[in-house]
Amino acid sequence: QLEQVNYGEECVLALLRGYQGGSGMDVEIQRLNVQGNTLYVYADFWEPPVGAASQTAITSPRHIIKFPCALLPQPLAALQIELVPEIKLPSSEGDR
């Protein structure tokens, strides 16, 4: 999908959770908000419930989005990025 980005008009943001030692973890960018020179990134971080069974595996949860560069303040050198995380626990209905 990155090949289809028009880098003249669109920006790409990647939220990387890093290597994790088990399954059931994920990350998802929900929305962006710009206030002054700060880009606020609202994201959900999924965690398995304490004591839940999970597979032992090395995973690397990530979410990559594209959005109009016009949303960002200029100059970009002054841009600050602030992560606003929300921790989510899967419910018994099969979330994540």
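**Aromatics, sheet and core**

Author: Zero aromatic pairs turn up in this structure. Keep in mind that the model is predicted.

Reader: OK. What sits over the ring of Tyr42?

Author: The charged end of Arg31 does, 3.7 Å from the ring centre. Arg31 also stands opposite Tyr42, which belongs to strand 3.

Reader: How do strand 2 and strand 3 pair, parallel or antiparallel?

Author: Antiparallel, over nine bridges. Strand 3 covers residues 38-46.

Reader: And the sheet? What's the strand order?

Author: The order is 2-3-5, in an open sheet of three strands with mixed pairing. Strand 2 (26-35) and strand 5 (80-88) are the edges, each pairing on one side only. On average, neighbouring strands are turned by 20° against each other, direction ignored.

Reader: Switching topic. Which residues touch the most other members of the largest nonpolar core?

Author: Leu13, Leu15, Ile29 and Phe67, out of 13 residues in that core. At least two core residues come from each of strand 1 (10-16), strand 2, strand 3 and strand 4 (62-68).

Reader: Which strand gives the largest share?

Author: Strand 3, with four residues.

Reader: Back to Phe67. What is Phe67 in contact with, leaving aside neighbours within four places in sequence?

Author: Glu9, Glu10, Cys11, Val12, Leu13, Leu32 and Leu72. One of these, Leu13, is also on the list of core residues touching the most other members.

Notes. Residues are numbered from 1 along each chain as its sequence is written. This is a predicted model: local features need pLDDT of at least 70, side-chain atom pairs count only at pLDDT 80 or more; totals for chains, interfaces and linings use all residues. Side-chain values use heavy atoms; hydrogens and water are left out. Two strands pair if DSSP finds at least two bridges between them. Axes are lines fitted to C-alpha atoms, for helices over the stretch in contact, and angles run from 0 to 180 degrees between N-to-C directions. Rings of Phe, Tyr and Trp (its six-membered ring) pair if their centres lie within 6.5 Å; planes under 30 degrees apart count as stacked, over 60 as edge-to-face and the rest as tilted. A charge sits over a ring if NZ of Lys or CZ of Arg is within 6 Å of the ring centre and within 35 degrees of the ring normal. A nonpolar core is a set of buried Ala, Val, Leu, Ile, Met, Phe, Trp, Tyr and Cys residues joined through side-chain atoms within 4.5 Å. Buried means under 20% relative accessible area, exposed over 50%, partly exposed in between (1.4 Å probe, protein chains only). Contact means heavy atoms within 4.5 Å.
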